[in-house]
Amino acid sequence: MKIVDDARPASRKIVESFLNKFFPSGYPYSVNEGYLRYTQFRALQHFSSATLSVLSTQSLLFAAGLRPTPAQATAVSWVLKDGMQHVGKLICSNLGARMDSEPKSWRILADVLYDFGTGLEVISPLCPQLFLELAGLGNFAKGMALVAARATRLPIYSSFAKEGNLSDLFAKGEAISTVFNVLGLGAGIQLASTVCSSMQGKLVVGPLLSLVHIYCVREEMRATPINTLNPQRTAMIVAEFLKSGRVSCPADLRYQEDLLFPGRLIEEAGSVKVGSLLHKVMKPSELHRAKEKFPEEKFILNLGIKCTNMILDRNATGEDALRGWLVAGYAAEIKKSFKIPSENALEEAYRRMTDVFSPFLSELQAKGWHTDRFLDGTGCRFVL
């Protein structure tokens, strides 16, 4: 759209031009909460990562016996990405289901791996006789990191899309990344020519840049309101519902997620553990008997001392997982309050779940949660 006779102040024109270039159309109303904070830290993350990459490449070339200029380091970095990096990519490509389940944790792990690989490259001049080993291991880690980062990009962008504008979000996000990567390369070249021209300088600046990089990606992920159901988010939803009768939206839960240990059990939600191998939970002969407790359901519950194991049917959805989790949560609550046998507790818990599930599900969906799928990674499921 072209504006004829535009009387807006120059400062406003500049701001709106910037928003049009780097933010989705209709911003801020076209995205979910947290997008600005995510974008700010994403920009700083790419800047610090690009700066660090110049220093690592220069170190690799020194270790190989070359004496490159800082500008040459940026060009040769493309060549050094091959080799062992492809092996890392192949290995990490088998973990896609786990990345769907915990995209935030895998995104952080990707950057930790990338900085680990970069760190090996930075220190390579200290032991030039191990140049190939360090360069190979570094690129192996980077290969795994690149696959994990790319695989988690779509679910993260999807969580911000509000009006079917995923492509616009993706394009503008990549534009911001490109700009700050270029700025980071420029800063890296400047550092490589001055402060980091010596190994001592790199050993001081490198860790600082890495800390900034990891901190930024952590803050990005904390700001991201993922709206799909996985074990951790399901447990958090159920725990709050059992405690207060309230259902949180994705934006409310984002800062409560444990990004380092996403598999932790939440006692308030029944300490449910999903996806354990069937033979570790119960004997095959007990499977049919366990299924007969709730024959219409697509889950099996086994109340243990420390946790409740839940095994889902192969075709179970997010709604089925929620039903099972509510039963487990209610059962744990009943056992704790009335000290009754597990069988009786499960029966009473199931009755309570059926009474509240319809309004609970309606409110959940109204808050923006997607309940059509349950992303349990590579967890075990049963078929009868």
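## Strand β4

Six of the six residues of β4 are buried, so this strand is largely enclosed by the rest of the structure. Buried means under 20% relative accessible area, with exposed over 50% and partly exposed in between (1.4 Å probe, protein chains only). Strands (E, at least two residues) and helices (H or I, at least four) are DSSP runs, numbered from the N terminus.

This is a predicted model: local features need pLDDT of at least 70, side-chain atom pairs count only at pLDDT 80 or more, and totals for chains, interfaces and linings use all residues. Residues are numbered from 1 along each chain as its sequence is written, and side-chain values use heavy atoms, with hydrogens and water left out.

## Partners of β4

Strands pair if DSSP finds at least two bridges between them. β3 pairs with β4 in the antiparallel sense over five bridges. Leu 301 has Met 310 of β4 as its bridge partner. β3 and β4 form a hairpin, with four residues between them.

β2 pairs with β4 in the parallel sense, over three bridges. Here Lys 273 stands opposite Asn 309. β6 (residues 381–382) also runs parallel to β4, joined by two bridges. Leu 312 faces Arg 381 of β6.

## The nonpolar cores

A nonpolar core is a set of buried Ala, Val, Leu, Ile, Met, Phe, Trp, Tyr and Cys residues joined through side-chain atoms within 4.5 Å. The largest one has 40 residues; Met 310, Leu 312, Leu 322, Trp 325, Leu 326, Val 327 and Phe 360 touch the most other members. Elements giving two or more residues to this core are α10 (231–244), β2 (272–274), β3 (299–303), β4 (308–313), α14 (318–338) and α15 (342–366). The largest share, nine residues, comes from α14.

Which residues does Met 310 contact, leaving aside its neighbours within four places in sequence? Its contacts (heavy atoms within 4.5 Å) include Val 272, Val 274, Phe 299, Leu 301, Ala 321 and Trp 325. A second, separate core has 16 residues, including Phe 23, Tyr 35, Tyr 38 and Leu 169.

## The whole chain

The chain has 15 helices and six strands. Its C-alpha atoms fill a box of roughly 75 × 65 × 35 Å, taken along the principal axes. Of its 384 residues, 47% are buried. Among contacts in the chain with a separation of 6 or more, 77% join residues 24 or more positions apart.

The chain exposes about 19,100 Å², and carbon and sulfur atoms supply 60% of it. This area comes from the Shrake-Rupley method with a 1.4 Å probe.
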